[in-house]
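Take a look at the sequence and the 3D structure below. Keep both in view as you read this briefing.

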Amino acid sequence: MQTVTSSDVAHLLQSVRNGTATPPARVPDNLIPRSIEEAYAIQDEVGRHLGPVAGWKVGSETPESEPFCAPIHAATLFGDDAVIPADLCRHRGVEAEIVYRFDRALPPRAGEWTRDEVLDAIGTIHPAIEILDTRFEKPGSQHKLLHTADQQSHGALIVGHGVTQWRKFTPVTQRVILSINKRNVVEHIGGNSAGDPLRLLVWLANHASRRKIGISAGSVVTTGSTTGTIFVGHDTEIEADFPGIGSVHAHLS
């Protein structure tokens with residue numbers, strides 16, 4: 001059997017991104033990363049072609065399970081009222097999310113970053129919309145480690161204006177309203193499978209430190225969907241509102 005390396009998977013993902021390969025419907029078993037560490041190594045290799053890192057996405061399947069993450073590159077980071085180019089994402093899975101922006105860097109170091117140190121580095125909290133995409137034929141169609149390797153299915157992140165008094169907000173009891181073409185499609189309290197997102201930020205700081213990457217000042221971190229994923233078509237207006245924190249709007253061309 002031919003030996004397959006993480007570079008083979010990275011080459012496949014990058015070939016789909018640059019249009020020289022068709023998004024695969026099924027990936028052979030020997031291309032599935034053998035560990036989460038290998039999936040992160042593939043992220044790194046693909047990321048070298050994607051430009052500077054401006055932030056991270058981090059999530060967890062449950063409040064107790066090990067989180068997972070992926071870098072967000074500057075080319076897919078947008079501000080409020082952004083118009084997302086039609087050709088940026090093949091799939092458009094809309095999620096309302098809460099983002100934290102770090103005012104101070106958390107660079108790699110020998111010791112663990114403490115919860116207090118990580119929280120003290122946060123500057124603002126923001127409403128956000130993440131657009132999920134995939135380099136595979138269909139979202140959610142592959143082994144979860146392949147989706148982790150594929151930048152955790154990141155397509156684009158639209159971040160609204162921030163609030164400095166972020167400590168007064170409790171995301172697990174935060175109301176969220178997601179509207180599509182001016183019609184409310186989700187309205188509830190909380191909704192993030194990870195529970196408290198601050199746990200995710202502490203984990204991410206130490207994950208990035210151990211991998212000799214760190215978190216730079218100004219980085220944004222989006223902490224997982226509060227609404228589930230809703231796939232939409234072209235020419236769609238999206239708004240996510242977190243009362244008290246603020247709202248963010250985007251037009252998907």
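What follows is a short tour, grouped by topic.

This is a predicted model. Start with strand E12, which spans residues 236–242. It pairs with strand E8 and with strand E13.

**Strand E12 and its two faces**

- In a regular strand the side chains alternate between the two faces of the sheet.
- Strand E12 has one covered face, made of Thr 236, Ile 238, Ala 240 and Phe 242.
- The uncovered face of E12 holds Glu 237, Glu 239 and Asp 241.

**The partners of E12**

- Strand E8 covers residues 175–180 and pairs with E12 in the antiparallel sense. The two are joined over 4 bridges.
- Ser 179 has Glu 239 of E12 as its bridge partner.
- Strand E13 covers residues 246–252 and also pairs with E12 in the antiparallel sense, over 7 bridges.
- Phe 242 has Gly 246 of E13 as its bridge partner.
- E12 and E13 form a hairpin, with 3 residues between them. In the turn, Gly 244 has a positive phi of about 95°.

**His 251 in strand E13**

- His 251 is placed in strand E13.
- Is His 251 buried or exposed? Its relative accessibility is 17%, so it counts as buried, the cut-off being under 20%.
- The side chain of His 251 makes a polar contact with the side chain of Glu 237, at 2.3 Å. Glu 237 belongs to the uncovered face of E12.
- Neighbours within four places in sequence aside, His 251 is in contact with Ala 82, Val 83, Ile 84, Asp 235, Thr 236 and Glu 237.

**Strand E7, an enclosed strand**

- How many residues of E7 are buried? The count is 6 of the 6, so E7 is largely enclosed by the rest of the structure.
- Strand E3 (residues 77–79) and E7 run parallel, joined by 3 bridges. Here Leu 77 stands opposite Leu 157 in E7.
- Strand E6 (residues 122–132) pairs with E7 in the antiparallel sense, over 5 bridges. Ile 129 has Ile 158 of E7 as its bridge partner.

**Rings and a charge**

- A pair of aromatic rings is described by the distance of the centres and the angle of the planes.
- The structure has 1 aromatic pair. The ring centres of Tyr 100 and Trp 166 are 5.9 Å apart and the planes stand at 90°, so the pair is edge-to-face.
- What does this pair tie together? Tyr 100 lies in strand E5 (residues 93–102), and Trp 166 lies in the loop between E7 and E8, so the pair links parts that are 66 residues apart in sequence.
- Tyr 100 is buried, with a relative accessible area of 1%. Trp 166 is also buried, at 6% relative accessibility.
- Another ring has a charge over it: the charged end of Arg 109 sits over the ring of Trp 113, 3.7 Å from its centre.

**Helix H1**

- Helix H1 runs over residues 6–17, which makes 12 residues. From first C-alpha to last, H1 reaches 17 Å, close to the 16 Å expected at 1.5 Å a residue.
- Which residues of H1 are buried? They are Ser 6, Val 9, Ala 10, Leu 13, Gln 14, Ser 15 and Val 16.
- The cover over these buried residues includes helix H2 (36–47) and helix H4 (144–149).
- Just after H1, Gly 19 takes a positive phi of about 85°.

**Two glycines to find**

- Gly 191 lies in the loop between strand E9 (183–189) and helix H5 (197–210).
- Gly 191 and Ser 219 are 28 residues apart along the chain, and their C-alpha atoms are separated by 24 Å.
- Neighbours within four places in sequence aside, Gly 191 is in contact with Ser 225 and Thr 226.
- Gly 224 is found in strand E10, residues 220–225. At 14% relative accessibility, Gly 224 counts as buried.
- Gly 224 and Leu 200 are 24 residues apart in sequence, and 9.5 Å apart in space from C-alpha to C-alpha.
- Again leaving aside neighbours within four places in sequence, Gly 224 is in contact with Val 58, Ala 96, Glu 97 and Asn 192.

How values were computed
Residues numbered from 1 in each chain as written. Predicted model: local features only at pLDDT ≥ 70, side-chain atom pairs only at ≥ 80, totals over all residues. Heavy atoms only, no water. Buried < 20%, exposed > 50% of the residue type's maximum accessible area, 1.4 Å probe, protein only. Pairing = 2+ DSSP bridges. Phe/Tyr/Trp six-rings, centres within 6.5 Å; stacked < 30°, edge-to-face > 60°. Lys NZ or Arg CZ within 6 Å of the ring centre and 35° of its normal. Expected span 1.5 Å × (residues − 1). Contact = heavy atoms within 4.5 Å. Polar contact = N/O pair within 3.5 Å; in protein donor to acceptor, adjacent residues only side chain to side chain.
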